[in-house]
Amino acid sequence: MSDQEAPALRVRGLYKFQRERSREVAILKDISFELPRGRFLAIMGPSGSGKTTLLHLLGGLETPSAGAVEIDGKDLAGLGERKRALLRREAVGFVFQFFHLVPNLSVRENVALPLRIRGQSGRSVVERVDALLAQFGLVAQADLLPPQLSGGEMQRVGVARAVIGEPKLLLADEPTGNLATGQGEEVLRWLRRLHAEHGQSIVLVTHNPRDAAYADEVRFLVDGALLAEPRLTGADVDAAKIHACLRDLKI
Ligand SMILES: Nc1ncnc2c1ncn2[C@@H]1O[C@H](COP(=O)(O)OP(=O)(O)OP(=O)(O)O)[C@@H](O)[C@H]1O
Ligand SMILES: [Mg+2]
């Protein structure tokens, strides 16, 4: 059952420990925040600060050592493995740093994959895929295989695949990390448009100030802790102010 009032995401007291030789190391420490529906949040942090780990916990790809994640009012830990997998499939879209496309499936088939996994087929899937390919400027590439694409095209396929199932929550891990600047900006503009036109709730993790400047809100992750301050919102979200925060934080 979907809770109409619930935020897209609610995170409370999240910890992740990993064993390193004989001791436990905290990779994420006491992370709590809420993502209201329709918000575009960027979390910035240097390499090794825990960004990917956090995103995996938010999307239920890994389980936290302590604390809770609720997506759309549903507590992931309370769901059990089967229902959690179902929620992940239905409610969460992932954009991966290294694209993670299936190399021997065409662009069209890659984009259709989330719907196929849900058991959908036929005319409605084809129409939905064609509409998204048009929206993402991928019509000419529809029958190509991923190795034949440019980096920017691959990541646009990644974004199209992440949103085809109309997920409540879109999680993007350094989506421009492996792209040339122009291609990266293009991918971010698509995310921004999904957010502006469809009210897509988004968490973007990145170390790139230019990427973070597309969000509504920018927060900082340092050594596994989400800082209460600084926190940029509204007109304060711009590349110069983000740079100034990073300088102050010495990251
Ligand atoms: N399975 C694991 N076992 C042990 N340590 C791990 C494991 N996964 C991640 N780490 C460590 O946790 C820390 C955070 O890793 P994570 O990949 O989340 O960082 P990140 O912010 O995404 O970095 P990058 O910007 O380089 O992608 C790193 O020090 C990493 O070495
Ligand atoms: Mg990472």
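Reader: At what angle do helix H4 (residues 107-117) and helix H5 (residues 123-135) pack, and how far apart are their axes?

Author: H4 and H5 pack at about 125 degrees, with axes 10 Å apart. The axes are lines fitted to C-alpha atoms over the stretch in contact, and angles run from 0 to 180 degrees between N-to-C directions.

Reader: Why is H4 called oblique to H5?

Author: Angles under 35 degrees count as roughly parallel, over 145 as roughly antiparallel, 65 to 115 as roughly perpendicular, and the rest as oblique. The angle of about 125 degrees belongs to the rest, so H4 is oblique to H5. Their crossing is right-handed (near helix turned clockwise from the far one by less than a right angle; left-handed if anticlockwise).

Before we go on, a word about the model: it is predicted, so local features need pLDDT of at least 70 and side-chain atom pairs count only at pLDDT 80 or more, while totals for chains, interfaces and linings use all residues. Residues are numbered from 1 along each chain as its sequence is written, and chains are lettered from A and ligands numbered from 1 in the order in which they are written.

Reader: Which residues of H4 and H5 meet?

Author: Arg108, Val111, Ala112 and Leu115 of H4 meet Val125, Arg128, Val129, Leu132 and Leu133 of H5 (contact: C-beta atoms, placed from the backbone, within 7 Å). By class, that gives 7 nonpolar, no polar and 2 charged residues (Ala, Val, Leu, Ile, Met, Phe, Trp, Tyr, Cys and Pro are nonpolar; Asp, Glu, Lys and Arg are charged; the others, Gly among them, are polar).

Reader: What makes H6 and H7 roughly parallel?

Author: The axes of H6 (residues 151-163) and H7 (residues 181-198) come within 9 Å and cross at roughly 20 degrees. That angle lies under 35 degrees, and therefore the two helices are roughly parallel. H6 passes H7 in a right-handed crossing, and the contact has 6 nonpolar, 4 polar and 2 charged residues.

Reader: What makes the backbone at Phe99 and Glu166 worth a look?

Author: Most residues other than glycine have a negative phi, and most peptide bonds are trans. Phe99, in the loop between strand S6 (92-95) and H4, has a positive phi of about 70 degrees. Glu166, in the loop between H6 and strand S7 (169-173), has a positive phi of about 50 degrees. There is also a cis peptide bond, joining Glu229 and Pro230, with omega about -10 degrees.

Reader: Why does the radius of gyration of the protein chain agree with that of a compact globule?

Author: The globule rule is 2.2 Å times the number of residues to the power 0.38, with the radius taken over C-alpha atoms. For 251 residues a compact globule would come near 18 Å, and the chain has 18 Å, so the two agree. The C-alpha trace spans about 50 × 45 × 40 Å along its principal axes.

Methods
Helix = DSSP H or I, 4+ residues; strand = E, 2+ residues; numbered from the N terminus. Contact = placed C-beta atoms within 7 Å.
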